[in-house]
Amino acid sequence: MNKFPKGFLWGASTSAYQFEGFIKEGGKVPSTMDLYEYKESYPKNVTGFSDASGHYKMWKEDVKMMAEMGLKSYRFSISWPRIIKNKDGEINQEGLKFYTDLIDDLIKNGIEPIVTIFHFDIPMFVMEDGGVLNQNFVKHFEVYSKVLFEAFGEKIKYWLTINELNILVLMAHGFEILEKQDFEKQIKVMHNLNVAQAKAIILCKKKCPSAKIGPAPNIAAVYPSTSKPEDYTAKLNMDIIRNWVYLDAVCKGVYNNVFLTYMKKMGIKFEPTKEEMETIKNGKPDFIAFNYYSTLTVKMPSNEDSLKNKEKADQQTGLVVPGFAMADQNPNLQKTQFGWEIDPIGFRNTLREVYDRYHLPMMITENGIGARDVLEKDGSIHDDYRIEYYQKHIEQMAEAISDGVEMIGYMPWSAVDLVSTHEGISKRYGFIYVNRDEFDLKDMKRFKKDSYYWYKKLIEENGKNF
Ligand code: BG6
């Protein structure tokens, strides 16, 4: 029996700053991501985002290839700095036109456009006005969201608020939001993002009553490293700080009490106003979208371990919360070439857990494997490891559906090769290869990988055979 419902949104994902390039064209103003590569901590051997995959000029060709692949949906982000020019909210008409043309072309090709309002690229005028830490952020985000709902409200059925709100908070120092790790400031960032998100949800319901809107965090089921009871406590702790505090806020309208108590114990002041909490309560989503790459395994940190939080950490690895939980290796899992654990069964577990907690329909807005793909002389790319990765994850998603989980769609990362958040273009994710290297832009020509043909067939059969 086919587990996937009729009309299931098989698709793929991208984000503006990683895909578009041409950062100085079309009236776009500077964003945090334009400056990212000049940061001291940004690796010197990989490219930044100035050129990316050139999608800003090659979008027609990209949509054509996506349509040929049979995509039913395409999740992309609108670039905030392409739409709003300054802190007075002046609109860049050229930016609006770019996305209008893109959306119209997707619809013409039978592809459902699924829009992320904000995916990591904060306009510099917002940063200069106090950044995410300042309450002005909420106002700027509201102005921007309103422009999008008014311009595209009739065409977009599914909106996503903020990509990986939880990772923006946990890695705030890596995203130019904060200068260094600082829990007190991170909590303020989280709260501002939550209020901004709630306001966007409320506005969306008012302006686009037939559309649906949801958050898009990065969620990972958490395993205790051992069967020691204290490691299970660490698992519960990490669950809260990595997953639930954000989803509880948007879906239930409350801040998790264990989280609040931990903050108090750490001497961190956090006093949301009544009015802000009222906004958060009123901004409930219609569905949950989330990104899944892997699970997390944690143990209870010793005092000595707690000092290790200066070590390298990213979305999936290395997180340490002093006295609360710390990431550990899982010896049962294989890793990608870039060191991220691969856990398809963990995908089923994560889907089950999120559904059990919130009882909302779900869509996956990212899932995939970053790898050093090789372009052969004849233009083929044999990415059998990617096919295997997707086979195993889709199989487990089918299991989750047969467990009773309600799924709307699956949009793996990424539709086309793009620049990774911190590991360059060599960490490729796409079904479509882009002919460029870290610092040699070559011709940016697109090539179909083996996974492209495999996914096309899977979509044709609505996931009957993986
Ligand atoms: C997610 C982000 O965290 O992971 C994407 O939403 C990102 O923007 C993706 O590209 C993969 O991570 P990375 O670091 O390999 O690019």
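Predicted model: local features only at pLDDT ≥ 70, side-chain atom pairs only at ≥ 80, totals over all residues.
Q: Which residue in β14 is the bridge partner of tryptophan 10?
A: Strand β1 (residues 9-13) pairs with strand β14 (residues 407-410) in the parallel sense, over two bridges. Leucine 9 stands opposite glycine 409 in β14. The bridge partner of tryptophan 10 in β14 is tyrosine 410.

Q: What is the handedness of the β-α-β unit made by β13, helix α15 and β14?
A: Strand β13 (residues 362-366) pairs with β14 in the parallel sense over three bridges. Methionine 362 has methionine 407 in β14 as its bridge partner. Together with helix α15 (residues 384-403), these two strands make a β-α-β unit that is right-handed.

Q: Are helices α7 and α9 roughly parallel or roughly antiparallel to each other?
A: The axes of α7 (residues 136-152) and α9 (residues 183-207) come within 9 Å and cross at roughly 25 degrees. Angles under 35 degrees count as roughly parallel. The two helices are therefore roughly parallel.

Q: How many residues of the contact of α7 with α9 are nonpolar?
A: The crossing of these helices is right-handed. Residues of α7 including Phe137, Val138, Phe141 and Phe149 meet residues of α9 including Leu193, Val195, Ala196 and Leu203. The residues of the contact comprise two polar, five charged and, as the number asked for, ten nonpolar.

Q: Why is α3 described as oblique to α16?
A: The axes of helix α3 (residues 55-69) and helix α16 (residues 450-460) come within 8 Å of each other. Angles of 65 to 115 degrees count as roughly perpendicular and those under 35 as roughly parallel. The crossing of α3 and α16 is at roughly 55 degrees, which makes α3 oblique to α16.

Q: How many charged residues does the contact of α3 with α16 have?
A: From α3, the contact is made by Met65, Glu68 and Met69, and from α16 by Tyr452, Tyr455, Lys456 and Ile459. Five of the residues are nonpolar and no residue is polar. The number of charged residues is two.

Note on methods
Residues numbered from 1 in each chain as written. Heavy atoms only, no water. Axes fitted to C-alpha atoms, helices over the stretch in contact; angles between N-to-C directions. Helix = DSSP H or I, 4+ residues; strand = E, 2+ residues; numbered from the N terminus. Parallel < 35°, antiparallel > 145°, perpendicular 65-115°, else oblique. Left-handed = near helix turned anticlockwise from the far one by under 90°. Contact = heavy atoms within 4.5 Å. Nonpolar A, V, L, I, M, F, W, Y, C, P; charged D, E, K, R; others polar. Pairing = 2+ DSSP bridges. Right-handed = clockwise from strand over helix to strand, strands pointing away.
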